[in-house]
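The sequence and the coordinates come next.

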Amino acid sequence: MELTSEERAILAGKHGEAARRALEYQIEVGRFWGARRLVPVSNVHMMGDIEVMGDAGLEYLREEARLEARCRVPTTTNARCVDFAHCDKLGQDPAEVAKEREIIATLRRMDVVTTDTCINYQTVYQPHLGEHVAWGDTGTVIYANSVFGARSNFEAGPAAFAAALTGRTPEYGFHLDEHRRGTFSVELKANLSDLADWGAVGKLVGEAHQDYFAVPVFHGYRRTPTADELKHLGAALASYGSMAMFHFVGVTPEAPIDLSFLSEKMVIGEKEIESVYSSYSLGDGDARLVVFSGPQQSLPEMKRLAELFHERKIKHGAACFVTTNGAVLAQASALGYAGTLQEAGVTILEGVCFYILQNLSAMRSRNRWTNMVSNSAKIVNIIGAHRFNTILRRTADCVEIACSGVLR
Amino acid sequence: MKFLSVEKAYGPTVEGEALVSEEGFSPRYDLDRWSGLITRPGHRLEGASIVDKVCFFPSAKGGIAAGWAFYDIKWKKIAPKAFIFGVTNPVMVQGAVFAGIPITAGWTPHPREVVKTGDWVRVDPGRRLVEVMRAGSR
């Protein structure tokens, strides 16, 4: 790999042992992918919480702190596994909660800005066309590449953290023009009137193309999609297909004009969308857990939920969770949306994602939850290892299920 | 000797028992990270253990969290010996390199033609080879 004089200085330990180790690790990853050099990044978004890191990750972070690791570029954190205001009520393990506090304090000492959000692209930082960043969660990466035209690979926690310490990342994958071109087309003939419908599109396209380097080109849609719609589409594509980029003709900045070079064509109409909803087993019919999370809710999503839950109550014995970040929650509280949801019996969790909640499997057993209903195709996909039977439903249907206790 | 050529590879040479999957893998979506068992309902290897195995997966699924997960399972001593992927994504590679677990991507021929679950295999990242040393007992 070609290294600049600055990179050679980092490798020589002139910027500290933490940066030296980080760059060594990045070079190893870059070699695997055939990267010829590293590219400077202007922003890092990293996943780091006790649920994903475990004791091993925590010990690693302590070692980094001893080495006086320090971010060289602005770095923010993804959604985490504990909302300290709710951890006791949720029955989260106090020892793990203490470790979560330690992780947050340690990251802050290293100059990480603990935003605890997976919707940084809606609320914190919007990179511009061509800007190189090192982001993780996958939903943030696909949004950055597709909607902003910024450039990032999926950067796992250790990889994003390394990028924070060195201010660069190996140049492979979506940093390169050659991987950013569309590889197949998808004609959207369906109306896609609910966020869950956009997730369903992501599921259909993603499941059929499980390949990081597959880049769908959406076209034929007759309305301008909203940011939240693109967010659910992207999150689902990344989740089901491991994809990091899509194009949307007339919407995203790098979308091709001529689609004739794309040999594979997929068409999604109403029938295909309905087939997604009818594909879920209702299991034992349990309708006591409804979740709006994965990604965290934006302010418009909070507003819509408040409208749907207005003067209604969650069915006795059922639970409904909404997750969002601190910024959105502050505004949603000021605007009365949070109050409306809480009056209905909804639990709003801040700075977390439902699927990475510490102790989720135990929570499921204790509450005897068998099914999880959500309007997020992503969370419906990823929560399986916790042994939930999951069901995707449209937003208003989810609210109806939460309030009636009847699963349809 | 039967063997696979792989396109990309990282890590030292290791040997172990093969676990061959027809379905892709995520340590977050599919795996119980305390036992090393694949627990996602409906996964084609549901109930199988990845501990100390050389795992063959056609594809990688989803998630950023996998990067920490490999280090976590290595620490808990429930990691596989190696990951052999058909197509993979950066997270799997970043996670495996971070944990020091050998990983390869891209294969010729398809493993179903040369290796079965239970076979003893050697993964040689330096030579970009996965060799079947002997057939399993079943």
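The model is predicted.

The table sets out the overall figures for each chain.

| Property | Chain A | Chain B |
|---|---|---|
| Residues and radius of gyration | 408 residues, 21 Å | 138 residues, 13 Å |
| Box along the principal axes (C-alpha atoms) | roughly 65 × 55 × 35 Å | roughly 35 × 30 × 25 Å |
| Residues that count as buried | 56% | 57% |
| Helices and strands | 16 helices, 14 strands | two helices, seven strands |

For chain A, a compact globule with 408 residues would have a radius of gyration near 22 Å, so the value of 21 Å agrees. For chain B, the corresponding expectation with 138 residues is near 14 Å, and the value of 13 Å agrees with it. The elements of chain B run β-β-β-α-β-α-β-β-β from the N terminus on.

Chain A is divided into domain 1 (5-173), domain 2 (181-277) and domain 3 (282-404). Between domain 2 of chain A and domain 3 of chain A, the C-alpha centres lie 25 Å apart. Their contact takes 16 residues from domain 2 of chain A and 14 residues from domain 3 of chain A. On the side of domain 2 of chain A that touches domain 3 of chain A, two or more residues each come from helix 8 (195-208), helix 9 (227-241) and helix 10 (270-278) of chain A. Helix 9 of chain A gives the most to this side, with seven residues. The classes on this side of domain 2 of chain A are eight nonpolar, four polar and four charged residues.

Helix 3 of chain A covers residues 50-66 and spans only 19 Å between its end C-alpha atoms, whereas a straight helix of 17 residues would span 24 Å at 1.5 Å a residue. The same helix 3 of chain A has a kink of about 70 degrees, centred on A:Ala56. Its buried residues include A:Ile50, A:Glu51, A:Val52, A:Met53 and A:Gly54, and also A:Gly57, A:Leu58, A:Leu61 and A:Glu64. Which elements cover the buried residues of helix 3 of chain A? Among them are helix 2 (17-33), helix 4 (94-109) and helix 7 (157-166) of chain A, together with helix 1 of chain B. After helix 3 of chain A comes A:Glu68, with a positive phi near 60 degrees.

Helix 7 of chain A is largely enclosed by the rest of the structure, because 10 of its 10 residues are buried. Among these buried residues are A:Gly157, A:Pro158, A:Phe161, A:Leu165 and A:Thr166. Just after helix 7 of chain A, A:Gly167 takes a positive phi of about 75 degrees.

Definitions and conventions: Residues numbered from 1 in each chain as written. Chains lettered and ligands numbered in written order. Predicted model: local features only at pLDDT ≥ 70, side-chain atom pairs only at ≥ 80, totals over all residues. Helix = DSSP H or I, 4+ residues; strand = E, 2+ residues; numbered from the N terminus. Rg over C-alpha atoms; globule rule 2.2 N^0.38 Å. Buried ≥ 20, exposed ≤ 12 C-beta atoms within 10 Å, placed from the backbone. Domains from an automatic or database assignment. Contact = placed C-beta atoms within 7 Å. Nonpolar A, V, L, I, M, F, W, Y, C, P; charged D, E, K, R; others polar. Expected span 1.5 Å × (residues − 1). Bend = angle between axes of the 7 residues up to and from the residue.
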